[in-house]
Structures are given as C-alpha cells and as structure tokens.
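Good morning, everyone, and thank you for making time for this. Please have the sequence and the model open while I talk through a few places in it.

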Amino acid sequence: MATSLEFEAPLSELQAELDKARSAAVVNPDSGRNADRLQAQLNERLYVLYQGLNPWQKLQVARHSNRPHPLDYLRLAFTDFTELHGDRCFGDDKAIVGGPAFLDGRAVMVVAHQKGHDTRENVRRNFGMAGPEGFRKAQRLFKLAEKLGLPVITMIDTPGANVGVADEERGQVEAIASSIAEMCSLKVPIISVVTGEANSGGALAIGVADRILMLEHSTYSVASPEAAAVILWRSAQRAPEAAEAMRITAQDMLNFKLVDMVIPEPLGGAHRDATGMALTVRDTLIPVVTSLVSMGITDLLEARYRRYRDLGPFTGSDL
Amino acid sequence: MDLFRRRPRHLSLPFGEHNQQEEPDNLWIRCPSCNEQLYEREYIDNLRVCPKCRFHFRLSLYERLETLLDAGSFEEFDKHLRSSDPLNFRSEGSAYADKLIEYERKAGTAEAAVYGSASVEGVPLVVAANNFAFQGGSMGVAVGEKIARAVDLAVSRRVPLLTISASGGARQHEGVYALMQMAKTTAALSRLSRVGMPYVSLLTDPTVGGVPASYAMLGDVTIAEPGAFIGFAGPRVIEQAIRQKLPPGTATAESMLAHGMIDMVCSRAELRGTIARLLRLLTGASYPRHLEDQASLPAEQMAAGMHIERTGVGD
Ligand SMILES: [Zn+2]
C-alpha cells in the first residue's frame, strides 16, 4: 500500500480533477487539452511544494513505500545482478542484499540495505534494519570485491541497525565496528549512494566511502529522529523537531561537505518515477566510478584516510 | 589499598573540585546488587567494589586513571580541545554551546575524553579514556579527535595503546559529525598495525552505541569489568524494541565473554596487573614483524618500524 504524504493533501483535489480529465480524454480531445493544462498546473505546484520541504517532510518522502529501493535500482540501472547470500558464520540477513552486477558494462560489487514496498516484504526484510549477519555478509562481499578488483557501490536506506537481545549476543557492535574498519582499508574504490534514510551505525557500517552521493530528498542522521528525540528529550513525539535541529537533509550534508554530491530527483520525488530516478542514478554513478578506478590505490587510500581523519571542527588543540 | 584516601596531586588532569568524590568518614551506602550496608570508607579502599558480592560501582575518570596508571606518569595532551558545536544546535531557546560550558564545569574536563602518555608498571603507553561525567561520555567531534590523536601518538612513539571506555554513545547534538567519528577513530586505528603495536581496549560500565560500534570493539585484546553493560543499544532502548523486560545478563561483560566477543572479564583489583602483563607479552617481539603498508611509510619511519625496541618494559 502506498504511503499518502500529508503535506501533499492540498494537491489531492487537483490530482483528482486531472485523473478525471485523463480518463475522459480517451473519448474527448477537448478533455485531453484540459488534462494537459491541469498537468502543467499540478507540476508547477509539485515543484514549489518539493522545493520547500522541511526536514521532517523530506524524511517522509525518503520513507515513501513506492520509493525505489536497491533491488529496483539493480533491476533498472544495472545488468546481470547476481545476488550472493549469507555471512558464512550464522545466517543470511535479508535486510542487506549484495552481489556483483554490471554498471554500464563494468563489473562492480553492490552492497545495500533493502526495505520492502509492502508490509509483508518489510517484515521479511526487517524494515531494512540489519543485524550482525548483514554486516558480516557485507564484509565478506567487500573482501571479495578487493580480491577481484571490483569497485564497490553501496546503497544506504535504513532506519538504523537492528536492536535486539540476539543481535547483541551475536556481536552487533563488533560487526558494525569491523565493517567500518574493513571499508577504511579496502583496496578498491567505494562509492556510497544514500537512496532513502541513512541512520546510525547501521548506515555507516556500509557507508565509509571515497565518494558519498545523496538523492535530493534523502536524509542522513546519527540516529533516526524518533530515537534522537527520545535520547534528547525523552519523547519520540518530538521527532520533527529533532529532524530540524540535527540538520539531516541532503542539502545540509552537502553544505557541511560531509557528502560530495546531491542527485536531483524526478519532479515530486523518486516515488513518482522509479525508472527516471534509476537512470539518473546510473548516469551519475558511471563517471564517478570511472574517475575513481583511474586513481592509484595509494592515493585512493590516503585520500579516504584524510577524508575521515580530518573531520572537524573543534577548537583548543595544543598544536 | 590507600588509593583514594590520600589526595594525590601527581595527576596533571585539571579535574574540577566537584568531580573529586566526597569522602565523608561516617557514611554507609547500600550495595544495589546485594543490598548489603557498606561502610563507605571500607568500600572506597576496596576500589569501590562491594566486598560481599563483588559488585563494581562506577569509578570517576580520576579514580580510574589513578588505579591503572603509574603514579605521576600521566601527561595529558590537548587538554583544551573541545567541540565547536558544528550544527549550532539549539532547542527550546537553550543552546548546546551553553550546555557544553555547564558539562565542563560539572565534569572537570573540557570534553568527554582525555588522552596522553603514561606508563603501567613501567611499560610506556598511550592512554585515552572517556569521562562519563561529561554528558555520559558521549562521542562528538572532540572526543573522536582525541581518540584519533591518541592513536596517532601511539603510532609516532611506537608504544601500545590503551583505551578505557565509558560512554552512552554518539552525541546527538553534533548529528552526522558525531556519527562520522566512528569512521575517524577507526581510520586512525588502521595505522597502528603499521608499527606493530598492540591495542588493548578496556570496557567499563556502560559502553554503549557508537563507541563499542567503532574503536572500542577493535582492540587486539578486549577486557571488560564485571557486570559492565556493553551493547549497541542501552537497556531501555532494547526493552522498547523487544517490548518486554530485559532478560537478565543481556549485553553484559559476562554475556560478551560467553559469546566470544571479548577476551576476558577482569576484576578491578586485577586490572592493573593484567594490563601490564599483557603489554609486556604483546610488545615482546623477537621475530621481525612483517608490517602492513610499509611501502607508504617514510623510509626512516620504516627502518625504525622494522627494529622496534622493547621500550621500557619492566622496571
Ligand atoms: Zn554487594
């Protein structure tokens, strides 16, 4: 079932009128011209609306159930994706998918969080919240990519790493920590694309990269705004306020220079045009991968090290 | 032991007065674990461990360093390094920048971690420790930078690294900057293997969230204090997620040991000796180390790295 976005409510009348005109247009050309006029009006209003989204609204767009997810991108923007399963320790975490695929004819390794488009699929995928098995599967695929010289592309879309007794017992903290460590030293280029919401260590565990790209309405946060509001004010109800104060939008991340690029979404968000979004992502990724594979490994690793080691700002240093 | 009774001045830490725990003479406190009434002076002399049930009370940063390090050996670096509030975070008219001043006054340190050089039973090392009294030992930019600088210092001096964790997690007020400290500290650690120096991570109660999900769980040897809570999420958050009371023993030092996640649970009285012994063992190389990434180290560093001397072992 598709999410209905509260802030789009003012457009629903216009949308209904347009739908009516479109169906009438099948028999009446006048109605067709009317539909075109309504469509132009709707586009104009969508454009204005989406330009002015606040952080909380962007998060709702990032979480929209029709928004393309990694397996959609793998189908629409890559070819021959072959999913590999399991962490070779305990299980196969369906909240993380991965395997080799071709991007414009170049073999790459893709590792991504995977949410569902409906409740059933979401339950199967644990809403994209990975446990230690997911992060260990990711590490296995990173190492394989390094062995084979395949650039790594990760796609991030997670409310956070999973919280539970079994996850703690099987080493959630160790799995995240070693995944980050693996990425810090991995001897192939890594590109991360934030396709939806990127929250907590669960996002960073597959998010250490040479280039980080974010979709226009995606978000990045140290914890989901709901969790952050509980930590900050002991009230999940204040999540919209946390989203505002924590500067979670792609535009904020770009201003902070924490990410390298914001990829524009189709008019009215990626959920309105998955194919269009996927093609934009592909066209954006291709030159980024090409430029990174032309870098020597020493330079690449040094630049990646500096990217994270030099993260500021602070004051009062002795030096 | 007489560790806390005298007020030694040998630590160069600028602890605030309020951080030095009061030592009233005739006070009784109740052990939260076994309910036993403890004479405070006696329990302080016992390193704040209940003599009856071995429950380990939390130590202040000051007490922690004093119990572990050689007297007078700690030399703090970057004492004044502090957060500069990257998000300009404010809520309900109160600014995070103002709160930082308040935390500092309460905790006696400029940020939620300190680091510097020291020795343990004569073995030189670099130590970095969280100050839980400063906003729950949370990791923002300054804490991440101090941990990373501690690693850098251990690399440049070719001495072992010890981190002592006590943290509630990433500092929300610094948003993704705080999250990225997990990558910063981990990236820094990747260079420790270049000089073949060991990293010992000590986890104390509590060590939760971004700290164990990054550098604190990447120790070559990981030690925890008895009963310490160690996990990705705190007890309340886990209870909320599983919608039931936390099963006893979840995410404790003992559970971590049973599940193969740490090397040992070590009582407070034995920590100092255990860490010293480990450091002597782990720095006792008699065969040339084949260090990673030698090609990218400057030549003179590499030469030094190939013939690392056993520095200052023993007394
Ligand atoms: Zn007791």
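This is a predicted model: local features need pLDDT of at least 70, side-chain atom pairs count only at pLDDT 80 or more; totals for chains, interfaces and linings use all residues.

Let me begin with a question: is A:Cys184 buried or exposed? A:Cys184 is buried, at a relative accessible area of 10%, where buried means under 20% relative accessible area, exposed over 50%, and partly exposed in between, with a 1.4 Å probe and protein chains only.

Residues are numbered from 1 along each chain as its sequence is written, chains are lettered from A and ligands numbered from 1 in the order in which they are written, and side-chain values use heavy atoms, with hydrogens and water left out.

Staying with cysteines, a search of the whole structure finds 0 disulfides over all chains, a disulfide being a pair of cysteine sulfur atoms within 2.5 Å. B:Cys266, for instance, is buried at 4% relative accessible area, and its sulfur lies 17 Å from the closest cysteine sulfur, that of B:Cys53, which is too far for a bond.

Now to the place where the chains meet. In chain B, 62 residues are in contact with 56 residues of chain A, contact meaning heavy atoms within 4.5 Å. Together the two chains bury about 4,900 Å², with 68% of it on carbon and sulfur atoms; buried area is the accessible area, with a 1.4 Å probe, that two parts lose on being put together, summed over both. Between the chains there are 3 salt bridges, each a side-chain nitrogen of Lys or Arg within 4 Å of a carboxyl oxygen of Asp or Glu. A salt bridge joins A:Arg309 to B:Asp152, with the closest N and O atoms 2.7 Å apart.

Finally, some backbone details. The peptide bond between A:Gly312 and A:Pro313 is cis, with omega about -5°, and A:Pro313 sits in the loop between α14 (297-309) and β8 (314-315) of chain A, helices (H or I, at least four residues) and strands (E, at least two) being DSSP runs numbered from the N terminus. In chain B, the bond from B:Asp205 to B:Pro206 is also cis, with omega near -15°, and B:Pro206 is placed in strand β10, residues 199-208. A:Lys257, although not a glycine, has a positive phi of about 60°, and A:Lys257 is exposed at 71% relative accessibility.
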